Amino acid sequence: MNKRLDMCSDLSVLDRSPEGPLFTSVDDVSARLAETGYLAAPAVATTVFLADRLGKPLLVEGPAGVGKTELAKAVAQVAGARLVRLQCYEGVDESRALYEWNHAKQLLRISAGRDETWDETRTDIFSEEFLLPRPLLTAIRGDEPTVLLIDETDKADVEVEGLLLEVLSDFQVTVPELGTITASRRPFVVLTSNATRELSEALRRRCLFLHLGFPDEELERRIVRLKVPGLDTALTESVVRVVAALRAMDLRKVPSVAETIDWARTLLALGATTLDETVVRDSLGVILKHQDDILKAGAKLDLDAV
Amino acid sequence: MSGDAAERLTGFVAALRAHGVRIGTGETVDAAEAVAALGFADRGLLREGLAATLLHTPDQRRLFDTVFDLYFPYGVGAPAGDPGDRDSLRDRLADALAAGDRALLGQLAIEAVDGLGGYGSSPGADGWSSYQTLDRLRPQTLLARVRDEMRRQGGGSGFAGRLLEDEIRRRIEEFRGLVAAEARRRVAERRGRDEIARRAVAPTADRVDFLYAGRDRLAELRRTVQPLARKLATRLAARRRRATRGTIDLRRTLRGSLSTGGVPMRPVLRRRRPARPELVLLCDVSGSVSGFSDFTMLLVQALHDQFSKVRVFAFVNRIDEVTGLLEHGRADPEGLGSRIRAEARLTGYHGSSDYGVALGEFAQRYGAAVGPRTTVFVLGDARTNMSDPNLAALREISARARRLYWLNPEPRPLWGTGDSAAPEYAGLVAMHECRNAHQLGALVGRLLPI
């Protein structure tokens with residue numbers, strides 16, 4: 001029994017990170033994220049700054065390929081923190097997200113200690129040695145700075161959201177056999193979602209909300225220049241303008257930043273120096289993923305006139 | 001935080017709540033903490049900080065921005081200096097559009113409202129109107145001039161040059177938005193923030209009544225069809241999964257218990273036989289209701305992979321099948337309504353809607369489309385222009401179908417007024433009020449067969 005009590009008292013409650021906030025100002029956020037190669041729009045930098053200051057989780061929602069996951073990775077790099085990632089999918093459950101008892105090891109332990117009393121054995125097999133921590137528990141228990149990334153939260157079932165509530169509001173996990181484990185150092189939490197499903201109100205209330213949309217043309221030019229440095233400036237400009245025009249159209253899947261970068265890389269590999277009909281028609285498949293969309297875009301850009 | 005700032009913040013929150021944004025006290029406190037951390041120095045940062053703490057979904061953002069501009073304006077009163085006359089404003093606007101200079105466009109919007117938007121007789125003005133400003137300034141007529149100017153500077157050369165006109169159009173649209181925001185700010189100074197925030201701010205797109213939505217609001221709604229369909233599909237899948245819970249499959253449970261020594265640790269539930277729900281839509285596409293039926297048709301089409309068969313019929317006073325017109329790829333959502341009216345035979349001797357005749361014709365000609373697996377939705381306001389509602393036909397369709405629902409875009413208090421036969425029909429089948437996209441999403445998620 002002693003062991004159990006010791007453990008609970010060890011895990012003392014510490015509010016907010018003792019080392020002080022990660023960032024000093026919003027500009028500081030932009031500058032340091034830029035050093036890692038993540039160019040953040042003002043809205044992104046402000047929200048990251050606030051998430052750090054207020055000690056609240058950050059819920060990032062937006063279309064695929066605008067850099068939601070990259071944001072978490074960049075913050076981890078800036079903060080010199082360990083990145084703990086929980087990838088959500090349909091059917092993810094407590095034993096995948098939170099913790100699990102190592103049954104096999106427990107059985108071994110029981111059969112190894114034959115001359116003990118039952119009470120001793122029982123106390124021992126529900127101690128930390130037999131606990132397998134999963135991402136949420138790992139993120140809470142560490143003493144070093146941690147960024148917890150809960151990826152594609154909308155893919156998980158509704159029940160998992162209930163599981164997250166305790167972790168996100170109080171940064172603690174309750175293991176019935178051990179007691180409540182509270183974070184000694186609050187992790188910086190990022191949740192991402194593609195909005196395929198409405199997340200529950202309770203979860204949203206506990207988070208700061210950031211809608212990460214497509215960047216404006218100026219920012220996108222800078223992103224392309226950073227990621228594909230070899231591309232000609234005028235060509236970069238044209239690429240970004242064409243992508244912006246495609247986004248204004250009513251397509252099934254509008255190209256996102258990842259596709260812009262792919263297209264720029266393709267053009268670089270093709271050795272194109274300017275955009276013309278042939279080049280665009282041949283490489284349109286890189287940015288548009290549906291045949292309907294390609295036909296529609298072709299009509300809009302007058303490609304079939306040739 | 002000073003009392004004044006706190007009062008401003010709570011007033012702002014109250015205005016958002018009045019428009020249906022759900023904000024709790026905890027979030028208001030978060031917002032105050034954000035304000036304390038960010039300060040009032042940079043308005044852009046303040047806007048993003050408040051949005052991060054107060055909002056939970058992206059579709060509220062437009063509403064938020066409008067209300068924010070009223071409660072945290074960039075300044076008070078009229079701009080300094082002489083606004084200049086219309087022609088000089090137009091010249092400067094053309095230059096700003098060509099350069100794509102956002103800050104300058106904002107400045108010009110302020111001057112334009114001050115110089116051209118005032119009306120009334122008292123010194124200064126009684127009010128400011130964005131409509132009047134834009135009507136006098138006519139920014140849309142600058143398109144050709146700006147295009148030629150940009151071509152001359154070489155901005156329009158090369159492949160991307162063919163996008164030039166669309167880009168300029170978008171900039172002009174942006175300018176119109178700036179003018180509207182500025183006019184609201186000036187009016188709010190005179191007539192009180194709270195009143196303007198309550199009255200002059202448009203609700204989010206999914207809460208606009210279908211019957212009164214304008215063209216641009218309908219276009220905005222159409223863009224929400226795909227995301228909404230995706231959400232509904234997930235909700236349907238979840239309902240299907242839940243529906244498999246129930247009876248225990250004894251054979252598979254016993255088979256599974258062999259590994260635990262014959263003790264059935266994990267009960268296996270019987271799989272439901274995959275039902276193949278069929279859907280039939282009867283849509284009134286006449287005049288006022290068409291916005292509603294167009295939207296619903298697109299939504300159902302986007303959900304088509306959830307059903308074994310979807311058939312769509314349109315009517316005014318005659319009925320015709322339009323399933324083919326809705327096929328994916330072919331369906332250009334914008335022109336859908338006009339294409340249906342052009343290609344399908346919907347009217348007989350006159351052009352006003354007649355539910356009795358249309359329902360009768362459906363029962364007679366397409367009766368075979370409805371079977372015991374079919375769920376039928378009737379979309380319309382049940383205004384029969386005083387003719388016979390033909391209850392027998394509806395009763396016949398309803399008896400043959402698995403379920404029949406009627407979605408009525410009119411507010412419930414109006415049912416039965418004038419030529420509406422809604423109460424008669426509602427006595428036979430389940431009729432639901434469905435005024436906006438929000439209600440439609442909730443109803444479709446609940447009523448669709450699984």
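Biologist: Let's start where the two chains meet. How many residues of chain B are in contact with chain A?

Modeller: In this predicted model, 29 residues of chain B are in contact with 32 residues of chain A. The elements of chain B that give two or more residues to that side are α2 (25-38), α3 (43-54), α9 and α12 (225-243).

Biologist: Which element gives the most to the side of chain B that touches chain A?

Modeller: That is α3(B), with six residues. By class, the side of chain B that touches chain A divides into 11 nonpolar, eight polar and 10 charged residues.

Biologist: Now to the chains themselves. What does the radius of gyration tell us about chain B?

Modeller: Begin with the make-up: chain B has 19 helices and eight strands. Its radius of gyration is 28 Å, well over the 22 Å that the globule rule gives for 450 residues, so chain B is more spread out than a compact globule. Along the principal axes, the C-alpha atoms of chain B fill a box of roughly 85 × 70 × 55 Å.

Biologist: And what does the radius of gyration say for chain A?

Modeller: Chain A comes to 15 helices and nine strands. Here the radius of gyration is 25 Å, well over the 19 Å from the globule rule for 306 residues, so chain A is also more spread out than a compact globule. The box for the C-alpha atoms of chain A is roughly 90 × 40 × 35 Å along the principal axes.

Biologist: What share of the residues in chain B counts as buried?

Modeller: In chain B, 36% of the 450 residues count as buried. For chain A, buried residues make up 36% of the 306 residues. Taking contacts in chain B between residues at least 6 apart in sequence, 72% join residues at least 24 apart. With that separation in chain A, the share joining residues at least 24 apart is 77%.

Biologist: Let's zoom in on helix packing. How should I read a pair of packed helices?

Modeller: Two packed helices are described by the angle between their axes and the distance between the axes. Take helix α6 (residues 102-116) and helix α9 (residues 164-191) of chain B, which pack at an angle of about 50 degrees with their axes 9 Å apart. That angle makes α6(B) oblique to α9(B), and their crossing is right-handed.

Biologist: Which residues make the contact between α6(B) and α9(B)?

Modeller: From α6(B) come B:Leu105, B:Gly106, B:Ala109, B:Ile110, B:Ala112 and B:Val113, while α9(B) brings B:Glu174, B:Phe175, B:Leu178, B:Val179, B:Glu182, B:Ala183 and B:Arg186. By class, this contact has nine nonpolar, one polar and three charged residues.

Biologist: At what angle do α11 and α12 of chain A cross?

Modeller: The axes of α11 (residues 217-227) and α12 (residues 233-248) of chain A cross at roughly 130 degrees and come within 10 Å. These two helices are therefore oblique to each other, and α11(A) passes α12(A) in a right-handed crossing. On the α11(A) side are A:Glu217, A:Glu220, A:Arg221, A:Val224 and A:Arg225, which meet A:Thr236, A:Glu237, A:Val239, A:Val240 and A:Ala244 of α12(A). The classes in this contact are four nonpolar, one polar and five charged residues.

Biologist: What about a whole helix: which residues of α16 in chain B are buried?

Modeller: In α16 (residues 355-365), they are B:Tyr355, B:Val357, B:Ala358, B:Leu359, B:Glu361 and B:Phe362. The buried residues of α16(B) pack against β3 (278-284), β4 (309-315), β5 (319-321) and α17 (391-400) of chain B.

Definitions and conventions
Residues are numbered from 1 along each chain as its sequence is written. Chains are lettered from A and ligands numbered from 1 in the order in which they are written. This is a predicted model: local features need pLDDT of at least 70, side-chain atom pairs count only at pLDDT 80 or more; totals for chains, interfaces and linings use all residues. A residue is buried if 20 or more other C-beta atoms lie within 10 Å of its own, exposed if 12 or fewer, and partly exposed in between; C-beta atoms are placed from the backbone. Helices (H or I, at least four residues) and strands (E, at least two) are DSSP runs, numbered from the N terminus. Two residues are in contact if their C-beta atoms, placed from the backbone, lie within 7 Å. Axes are lines fitted to C-alpha atoms, for helices over the stretch in contact, and angles run from 0 to 180 degrees between N-to-C directions. Angles under 35 degrees count as roughly parallel, over 145 as roughly antiparallel, 65 to 115 as roughly perpendicular and the rest as oblique. A crossing is left-handed if the near helix is turned anticlockwise from the far one by less than a right angle, and right-handed if clockwise. Ala, Val, Leu, Ile, Met, Phe, Trp, Tyr, Cys and Pro count as nonpolar, Asp, Glu, Lys and Arg as charged, and the others, Gly among them, as polar. The radius of gyration is taken over C-alpha atoms; the globule rule is 2.2 Å times the number of residues to the power 0.38.
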